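Please read them with the structure open.

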Amino acid sequence: MRRIYESDALHRDTDAPFSPNERDDDDVRPQAARSIPSAAITSAVLPGWVRHRSISVDVSVPATEFTAGSPVPFQVTMKNAMPFPVVIPTESAIQWTWNVDGHRDASHFPLHDPPAGDDAITFDRGERKRYRKRWDQMFRVSDDEWEQATVGEHTIGAGLNVVDSPGKGLYDEATFRVVPE
Amino acid sequence: MALLEVNDLTVKFYTGEGVVTAVDGLDYRIERGEKFGIVGESGAGKSVTALSLLRLIENPGQIERGEIIFKGQNLLEMTDEEVRRVRGNEMAMIFQDAQSALNPVYTVGDQIAEAIRHHMDLPDSEVRERTIQLLDSVGIPEPETRYSDYPHQFSGGMQQRVIIAMALSCDPDLIIADEPTTALDVTIEAKILDLLENLAEEFDTAIQLITHDLGVIAEVCDRVMVMYAGKPVEKATVEELYYDPKHPYTVGLMSAIPRVGERSHRLQTIPGTMPDLVELPSGCSFHPRCPYAEEACTRTQPPLLDPETGEPLTGSGVERGAACLEYSGELVRGLDFQVTVDDVLGDEADAIGDVDVATTEGELDD
């Protein structure tokens with residue numbers, strides 16, 4: 001294919017201040033750094049346990065007590081401590097999950113039925129992913145019914161969607177109390 | 001048998017933020033030659049519904065469950081090749097932004113001809129002739145000359161006409177028009193809607209018209225489905241919807257239509273915005289914005305109910321329905337709105353057929 005620099009459409013002049021310099025055809029150094037698929041390389045090279053140790057998951061709530069009926073905001077932070085990208089295979093297209101008292105998505109039955117097949121969550125070097133959510137103190141008990149959470153202690157947990165995420169250090173929990181109004 | 005029957009259609013997008021439930025358990029049907037409207041705010045799931053019908057949902061989206069039965073065949077069970085035979089041929093789509101939908105490096109004639117060449121076994125000369133006829137029928141002047149023009153040489157309205165010509169190229173049984181007039185000014189909008197209506201009548205084509213403009217629905221459609229947060233909240237004929245809306249969201253949409261000659265200085269709006277589809281509110285999704293919401297609305301998500309009997313609607317029938325607990329008798333205070341029709345011109349029946357008249361005559365008092 002004919003290149004623009006072979007077309008003589010561009011005026012080159014080493015001395016003229018507003019023209020590009022003469023091209024030295026002998027100099028064939030790359031003009032920019034080549035990109036490499038570092039995520040693919042690190043996922044091929046790094047053993048699973050190193051990848052798991054690289055990622056930390058933190059769940060936080062802004063207070064230890066919430067009045068009954070008021071929404072509970074929580075923040076899930078995932079951080080890659082390594083200076084290279086890390087890819088963690090997940091069980092489905094759902095990359096991470098959250099639960100209240102062990103009920104995923106605060107529901108007593110599975111809400112989603114993601115298609116079968118492997119997926120993965122990718123963290124760039126040193127990347128921090130932060131998700132803010134709210135739990136409105138309701139548990140879904142059927143397709144169209146919700147139930148108010150009881151007064152007392154509750155735990156919100158979140159982790160990557162991998163087998164045994166707590167055992168791999170890819171899960172965290174935060175506990176708080178719901179108190180009467 | 002209905003031309004199109006959609007049963008329990010559920011479409012989800014698996015994103016890093018969470019699972020976006022764009023369409024949740026949608027049921028409806030379109031008969032042959034019928035003009036069916038889908039209305040709702042941005043983010044209600046209208047366009048995703050349209051794309052699902054043509055199986056154009058891309059990763060990370062998934063049609064999680066449901067049936068799309070078109071002329072007796074379930075599109076979700078077809079192979080990609082079978083779907084390609086339906087797409088553009090028996091079911092065609094008019095996309096919302098004509099400038100993006102047209103390829104800038106091909107002439108408009110070639111782009112229309114491509115669909116004809118793909119689906120119909122015609123010699124090149126006939127394909128060209130048919131394309132020129134189509135350009136003529138959608139009101140492009142000097143179609144022979146304009147055949148060889150590129151999209152940038154057309155105005156916005158003309159580009160939209162080209163898209164309509166493309167959709168009509170293979171005489172489809174169903175046209176899905178996804179906000180076909182959103183990017184156009186009102187005069188061109190009226191022309192395009194007229195054109196669409198006339199062509200649909202001429203070719204006996206059914207239309208699924210997606211819009212956020214209730215005026216457009218009144219102008220074109222026979223039946224309407226109002227969507228909110230991926231779910232249908234009301235289904236009715238156009239007359240029923242305008243004169244006797246049953247869902248507070250429909251009432252909100254109607255009261256938000258600006259009317260010529262209105263004395264009030266402020267336009268009525270629905271407070272708040274559509275909820276994040278990753279994190280839908282519990283119970284009825286509309287309850288945080290609903291002026292009539294009660295405790296029960298936060299705990300129960302009502303299905304589409306028959307407003308007269310309170311019985312849930314089953315399947316994709318054409319019965320009237322509204323998804324509000326008022327009709328199952330669970331609201332204590334009830335809905336407190338009324339629709340007043342000022343019969344200024346003396347003929348209510350005409351009012352429905354005309355956008356301007358309908359919007360200036362109907363008055364909603366909360």
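**Notes on the predicted complex**

1. The axes of helix α4 (residues 108-119) of chain B and helix α5 (residues 124-137) of chain B come within 9 Å and cross at roughly 120°. Axes here are lines fitted to C-alpha atoms, for helices over the stretch in contact, with angles from 0 to 180 degrees between N-to-C directions. α4(B) is therefore oblique to α5(B); angles under 35 degrees count as roughly parallel, over 145 as roughly antiparallel, 65 to 115 as roughly perpendicular and the rest as oblique. Helices (H or I, at least four residues) and strands (E, at least two) are DSSP runs, numbered from the N terminus.

2. α4(B) passes α5(B) in a right-handed crossing. A crossing is right-handed if the near helix is turned clockwise from the far one by less than a right angle, and left-handed if anticlockwise. On α4(B) the contact is made by B:Gly109, B:Ile112, B:Ala113, B:Ile116 and B:Arg117, and on α5(B) by B:Val127, B:Arg128, B:Arg130, B:Thr131 and B:Leu134. Contact means that the C-beta atoms of two residues, placed from the backbone, lie within 7 Å. By class there are five nonpolar, two polar and three charged residues in this contact. Ala, Val, Leu, Ile, Met, Phe, Trp, Tyr, Cys and Pro count as nonpolar, Asp, Glu, Lys and Arg as charged, and the others, Gly among them, as polar.

3. This is a predicted model: local features need pLDDT of at least 70, side-chain atom pairs count only at pLDDT 80 or more, and totals for chains, interfaces and linings use all residues. Residues are numbered from 1 along each chain as its sequence is written, and chains are lettered from A and ligands numbered from 1 in the order in which they are written.

4. Chain B averages a pLDDT (the predictor's confidence in each residue, from 0 to 100) of 87, and 93% of its residues score at least 70. Over residues 346-366 of chain B the pLDDT is below 50, and this stretch has 47 contacts in the model beyond near neighbours in sequence. For the complex, the predictor gives an ipTM of 0.80 and a pTM of 0.84.

5. The crossing of α7(B) past α8(B) is right-handed. Residues making the contact include B:Ile164 and B:Leu168 of α7(B) and B:Leu195 and B:Leu199 of α8(B). The contact of α7(B) with α8(B) has eight nonpolar, two polar and no charged residues.

6. Between the chains, 16 residues of chain A are in contact with 16 residues of chain B. On the chain A side, β8 (128-135), β9 (138-142) and β10 (145-148) are the elements that give two or more residues. β8(A) gives the most, with three residues. The chain A side divides into seven nonpolar, two polar and seven charged residues.

7. Chain A has two helices and twelve strands. Buried residues (20 or more other C-beta atoms within 10 Å of their own; 12 or fewer is exposed, in between partly exposed; C-beta atoms placed from the backbone) make up 23% of its 181 residues.

8. B:Pro303 lies in the loop between α12 (295-299) and β11 (321-322) of chain B. B:Pro303 counts as partly exposed because it has 18 C-beta neighbours inside 10 Å. Not counting residues up to four places away in sequence, B:Pro303 touches A:Asp144, B:Pro312 and B:Ala323.
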